[in-house]
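Subject: Structure handover

Hello,

Here is the structure I promised to pass on. Please open it first, then read my notes below with the model beside you.

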Amino acid sequence: MKKRITKFIALAMALVMVLALAGCGKGNNNKNNNNNPTSSPDTPSDLSALAGTYDITVWVSESAGVADLTKTQIADFCKDNPGIVINAKVEGVTEAESASQMIASVEDGADLYCFAQDQLVRLVQADALAKLGTATQQKITELNDKTSVQAATVGGVMYCYPMTSDNGYFMFYDKSVIPENHLDSLEDLIADCEKAGKMFSMELTTSAWYNAAFFFATGCKSEWTIDSEGKITGVDDNFNSDNGVIALKGMQKLLKSKAFNSSSAGSDFSAAVPSAIVVSGTWSTAAVKEALGDNYAATDLPSFTVDGKTYHLGSYSGCKLIGVKPQNDTKKSAVLQQLALYLSNEKCQLERFKLVGWGPSNLNAQKNADVQADVALAALAKQAEYAVPQPQIHGSWWDIAKVYAVSAKDANTDEELKKALETYEATIKGLFEMSVNEKEAWTVIGSMNGDTNWTTDIPMVCKNDVWYSEAIKFVAGDAFKVRQGKSWDVNIGSDGKAGGPNFDVTEDGYGFVVFTYDKATNTGVIKLEKSSDVYGFSVIGTINGDTWSKDLTMEIQPDGSWLTKEAYELKAGDEFKARQGLGWDVSYGNGGDNYKVETAGTYYIKLTTDNKIELIAK
Amino acid sequence: MRFFIEKARKGDIMKPKTNKTTGTKKKSVPVRKRKSFAEGVKGFFKAVGNEIKSFFTIFVDGSWRTKLSYVIFGFGNLVLGQIARALFFLAFEALFFFYTIKSGWARILKLGNLKELTEQVEFVRLFNKDIHVELLLSIFSVLLVVVCIVVWRNSFHGSYRNDKLLKEGRKIPRSAFDKGVINFIKAVGNEIKSFFVIFVKGSWRTKLSYVIFGFGNLVCGQIARAALFLAFEASFIYYIINFGLAWILKLDNLGDIGSHEEYDPIFDTYVRVNGDNSFKILLYGVLSVLLCIVCIVVWRMSFHGSYENDKLLEEGKKIPKFKDDLHDIVDSKFHRTLLTVPAIGITMFTVFPIIFMILVAFTNYDGAHDGYSGLFTWTGWANFMELFNTKTSNLGYAFVHILLWTLVWAVLATFSNYFLGMLLALLINKKGIKLKKMWRSLFVMTIAVPQFISLLYMSKLFAKNGLINMLLIKWGFLEFPFDFWANTTASRILVVVINIWVGVPYLMLIATGILMNIPEDLYESARIDGANPFQQYMKITLPYMLFITGPYLLTSFIGNINNFNVIYLLAGGAEANSNLLTSGGSASDVDLLITWLFKISMGTESNYKLASVIGILIFMVVSVISVIGFNLMPSNKNEEDYQ
């Protein structure tokens with residue numbers, strides 16, 4: 001809200017400026033495509049070409065000392081790369097907050113910022129992260145563990161640099177309350193806490209990240225398919241299953257316990273009503289150590305038993321990441337990428353481990369003796385066996401999934417648990433709910449463009465009750481069908497009947513799928529044509545004594561150019577243009593003007609792929 | 001005040017209820033005799049007969065307006081300037097026919113096959129009950145037809161009544177709204193008329209002023225004025241041609257080409273290439289439109305100003321110089337000078353953001369389409385549909401549920417503070433209470449601590465592992481801590497009680513001041529007449545308080561509807577209510593519409609469009625309550641009572 005207000009104040013200022021004729025232009029297309037080969041380095045490691053002064057803003061974790069450490073690290077980077085001067089404004093912003101602030105206004109956000117993995121998809125969707133260069137991607141893949149590389153990747157494209165590989169949770173406990181032989185059983189632990197009058201802190205009702213542990217224990221999964229733009233295209237989720245009910249039953253043991261507290265704060269150990277167990281991650285280590293002193297201990301999560309079967313609690317394992325905001329300036333972009341690479345290297349990761357105990361993602365740093373001796377990281381490593389690498393997930397999932405735990409807390413029967421999971425599933429499916437228009441729209445789907453698995457729907461547009469696809473490049477042997485609402489419930493085959501056989505393409509080249517549908521009989525006619533009333537071009541002008549009234553159809557050629565069906569007798573001085581879809585939105589002549597015939601003759605008229613008109617003598 | 005006292009002496013205010021002599025206004029209501037059943041039936045048929053008869057007689061007797069009112073609802077009202085009524089009639093007719101032709105009639109026909117209808121499995125969850133959607137809609141359609149007939153009857157009867165009034169030479173009753181609309185239309189008409197009249201009658205200077213702003217001033221020697229006009233015109237044209245027009249033209253679909261990233265192989269880095277930004281297009285587009293409106297106003301000033309000069313010259317008067325203008329600004333036109341800054345401020349910081357927010361509700365502006373990464377565009381009423389589409393989402397249910405709690409909260413929070421604050425003030429004001437100042441300061445202490453600190457502190461205090469629970473366990477009331485914020489009833493009571501704690505001191509201060517102002521002789525004469533303290537309170541204190549604090553009461557009610565601070569700081573982290581599950585922002589038991597809106601817009605989906613729709617709906621709720629409340633208020637109704 002505050003952000004919005006500042007935006008408006010900024011606006012008011014902008015208006016004043018505009019009035020003062022210092023207005024701003026449309027977009028700041030600061031394209032600095034530096035294609036000068038003499039000044040460019042051959043290898044990215046040679047950064048002398050990037051010499052210059054850069055003002056940047058950096059957001060790092062608000063944990064004590066991290067900001068100062070980052071400042072020193074940036075200074076080290078400048079020292080290593082003489083010529084590069086970076087004036088960095090380093091600010092402490094929590095990892096959750098930084099993503100929200102970036103999304104609220106990318107332009108006002110930091111150039112370099114740290115965030116937790118669950119925010120990645122949102123950030124990619126908001127264009128708040130610049131893709132990594134090809135060479136850099138390779139480097140990151142070599143230097144870091146697999147989980148963290150996966151964590152930085154969305155739809156096959158790497159968007160950021162892994163900083164830690166410790167964003168998972170495990171169990172901190174109070175040695176004086178919990179006997180060591182009870183550590184494996186959730187039931188025993190709950191009993192111990194209740195007996196001691198202490199709390200068992202696990203953030204079940206307010207965070208899906210923690211409560212998913214029970215579902216992973218019973219083998220449930222929630223996997224989301226995401227394209228490289230960050231758009232969610234589908235979900236494979238079986239929380240609503242018998243195993244899901246078992247998971248909720250296990251969760252109920254803790255939810256219904258009097259000792260349960262939905263929290264993950266390390267300071268719970270020293271609260272007014274203290275906890276004996278807190279499920280949290282490495283970021284709480286310092287607080288827990290301070291609260292427990294000699295009683296500090298950590299280990300993996302316990303198991304629970306339902307109907308005689310034991311399930312070890314799973315967990316998410318994820319990463320903290322550092323990303324670069326997309327820049328208009330090539331050099332600045334390159335410097336920021338190099339700096340981010342530097343900040344995520346072995347040296348910097350170890351420095352952060354020493355300061356705040358963050359577990360490195362760098363393979364070499366992980367082998368460091370101090371890292372291996374850390375109690376919390378050891379517990380994390382122990383839990384790793386049961387952990388699920390955190391995939392990229394639809395942002396709304398975190399909101400939706402925490403609610404079944406609330407339902408489970410009040411539920412008394414299996415039916416109620418099932419109902420909670422059904423609501424959960426319905427809401428998740430609702431994320432992909434299509435609008436009425438989308439449901440009624442027809443699409444072409446088939447093996448074109450190498451889509452052998454028939455995964456991509458090619459949209460069609462409707463004009464006068466006829467559906468037209470855009471130009472599709474076919475190869476002989478391709479097959480396709482048309483379907484409605486991107487589902488196979490209503491589809492038409494080559495015989496025009498519902499569920500009919502595939503339409504087989506017999507020759508190479510571009511084509512338009514034209515389709516008419518009769519709703520009453522659920523039949524239709526599919527045609528593959530070389531011209532189209534919507535996407536096709538036609539020639540119009542003073543040809544054959546016509547006065548710009550009749551469109552002469554053109555056909556698309558195998559190379560994507562357009563050619564009239566027949567040759568026309570053209571006189572010198574005849575004028576015409578080629579236009580798309582029988583309208584004037586897109587038309588080509590001699591540039592934007594009409595094409596003028598210079599020498600009379602009989603010609604075919606051609607529209608080349610770069611939208612120029614050529615005359616081809618018959 | 002003297003009036004009040006005199007009135008009190010007359011016995012209007014202070015006399016207790018038991019005194020029957022004051023009941024002068026009571027009308028003698030005729031005692032209804034129990035009619036026999038036969039009489040009832042007879043009466044009913046008679047009424048129906050009259051109704052049918054009047055249907056024909058009115059058509060025959062009525063004027064042409066009334067006759068047309070049979071077809072066009074409210075036509076008779078419209079022609080005679082009863083705009084508000086006519087608008088209601090017309091809107092009803094339009095909506096009725098639109099709905100009935102589109103789906104209502106088909107639904108009514110469906111009622112013929114009740115069995116099939118009740119087999120429909122689609123339910124709508126309303127107040128925790130499953131209701132057949134189709135059956136409900138069919139019954140609704142039938143009811144609508146009945147309502148339409150009644151409205152139809154009122155249409156031509158109303159017009160006929162107007163006919164009679166005209167015949168009797170009496171005035172047609174018009175509401176303030178009607179008068180406003182008529183005046184507005186007249187003003188617009190005058191404006192248009194003057195536009196042409198001035199052009200025809202004006203001198204050549206004035207005619208040229210239509211094209212060159214301030215030309216008339218320039219020729220008449222008002223250099224400074226002319227310079228301002230010309231400068232405005234020049235900068236406006238420069239801005240519009242270079243920037244404004246492009247923004248306005250793009251408003252139709254808020255941008256065509258999005259941004260993308262290009263790979264730079266030399267530096268192995270991606271570079272962003274900016275495209276259209278829908279957010280900026282909407283922002284600057286609307287600003288440019290506003291600027292155009294300003295330009296029209298200035299244009300009008302230009303030729304009107306020149307015409308005034310023409311007149312002055314005709315009358316042989318002196319044309320005011322810039323010095324005179326400056327003098328006017330601080331003298332006869334000082335009100336304008338004073339109001340300029342606030343007016344500009346309100347336009348920029350209130351009106352413009354509101355226009356922008358309202359427009360956002362008609363786009364698909366959210367996290368995935370934020371203008372910077374993905375373009376957004378106009379979507380019409382789709383967001384409103386989404387909110388109330390109970391089939392595809394839980395949003396509609398959540399909205400109604402949260403709205404009800406918001407209203408309950410607003411009533412509780414406002415009146416608990418109001419009456420407890422007053423009570424506290426009365427207590428402290430009472431004769432015989434010692435250390436009055438100490439008590440007052442003690443309660444005012446809560447104001448001294450910034451509200452958000454005390455609220456956050458309270459939130460922690462009542463946490464499951466907080467101090468309150470520790471103490472309750474220590475004292476043996478509880479064995480294990482109780483989760484106040486996760487329990488519906490407990491959390492709702494808590495927010496109200498804590499709100500009393502932070503709000504009562506303000507009321508106490510206000511009430512203290514007012515109570516001390518009530519003339520003591522009122523109470524004295526009341527006591528002499530034998531009124532007990534409660535009667536004194538009801539007849540003197542409360543009316544007095546209500547009269548003075550009426551506007552305060554209304555604003556604090558509105559403020560409580562939008563009381564973000566108390567709810568968010570106290571229970572912002574409370575777990576969601578599983579019945580209010582919605583993607584992108586599940587609400588908790590104590591969430592108000594405003595905090596829900598915050599969760600939605602700041603949540604994982606950054607669903608600004610939906611938040612904007614909810615914002616509009618909150619605005620509608622608030623404005624309806626304001627208008628009704630303000631009109632009911634004694635301080636508005638009986639303005640002279642206490643002067």
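Start with A:Asp111, which is buried because its relative accessibility is 6%. Keep in mind that this is a predicted model.

**Salt bridges within chain A**

What does A:Asp111 pair with? It forms a salt bridge with A:Lys332, and the closest N and O atoms are 3.7 Å apart. A:Asp111 lies in the loop between α3 (95-104) and β3 (112-116) of chain A, while A:Lys332 is in helix α11 (residues 330-343) of chain A, so the pair ties together parts that are 221 residues apart in sequence. A:Lys332 is buried too, at a relative accessible area of 17%. The cut-off for buried is under 20%.

Now look at A:Glu91. This residue forms a salt bridge with A:Lys89, with 3.9 Å between the closest N and O atoms. Here A:Glu91 is partly exposed, at 30% relative accessibility. A:Lys89 is exposed, at 51%.

Next comes A:Lys596. Its side chain meets that of A:Glu575 in a salt bridge (3.8 Å, N to O). This pair links distant parts of the chain: A:Lys596 is in strand β33 (residues 595-596) and A:Glu575 is in strand β31 (residues 575-580), 21 residues apart. A:Glu575 counts as partly exposed, at 22% relative accessibility. There is also a network: A:Asp76, A:Lys79, A:Lys347 and A:Glu351 are joined by salt bridges that share partners. Over all chains, the structure holds 30 salt bridges.

Why do such pairs form? Side chains of opposite charge can pair when their charged atoms come close.

**Where the two chains meet**

How many residues are in contact? 68 residues of chain B are in contact with 79 residues of chain A. The area buried between the two chains is about 6,400 Å², and carbon and sulfur atoms give 62% of it. Three residues stand out on the chain B side. B:Phe267, B:Asn465 and B:Phe480 supply 12% of the area that chain B buries against chain A, more than any other three residues.

Polar links are there as well. Between chain B and chain A, 19 residue pairs are in polar contact. The count of salt bridges between these chains is three. One salt bridge joins the side chains of A:Lys409 and B:Glu575 (2.9 Å, N to O).

Leaving out residues up to four places away in sequence, A:Ser407 touches A:Ala420 and B:Ser578.

**Aromatic rings**

How many aromatic pairs are there? In one of them, A:Trp209 and A:Trp283 are tilted, at 6.0 Å centre to centre and 40 degrees between the planes. A:Trp209 is in helix α8 (residues 208-217), and A:Trp283 is in the loop between β12 (275-280) and α10 (285-292), 74 residues apart. A:Trp209 is buried, at 11% relative accessibility. A:Trp283 is partly exposed, at 34%.

One aromatic cluster includes A:Phe215, A:Tyr316, A:Trp397 and A:Tyr424.

Two arginines are also worth a look. The charged end of A:Arg579 sits over the ring of A:Trp584, 4.7 Å from its centre. In chain B, the charged end of B:Arg492 sits over the ring of B:Trp405, 4.4 Å from its centre.

Best wishes

Terms used:
Residues numbered from 1 in each chain as written. Chains lettered and ligands numbered in written order. Predicted model: local features only at pLDDT ≥ 70, side-chain atom pairs only at ≥ 80, totals over all residues. Heavy atoms only, no water. Phe/Tyr/Trp six-rings, centres within 6.5 Å; stacked < 30°, edge-to-face > 60°. Helix = DSSP H or I, 4+ residues; strand = E, 2+ residues; numbered from the N terminus. Buried < 20%, exposed > 50% of the residue type's maximum accessible area, 1.4 Å probe, protein only. Lys NZ or Arg CZ within 6 Å of the ring centre and 35° of its normal. Contact = heavy atoms within 4.5 Å. Buried area = accessible area lost by both parts, 1.4 Å probe. Salt bridge = Lys/Arg side-chain N within 4 Å of Asp/Glu carboxyl O. Polar contact = N/O pair within 3.5 Å; in protein donor to acceptor, adjacent residues only side chain to side chain.
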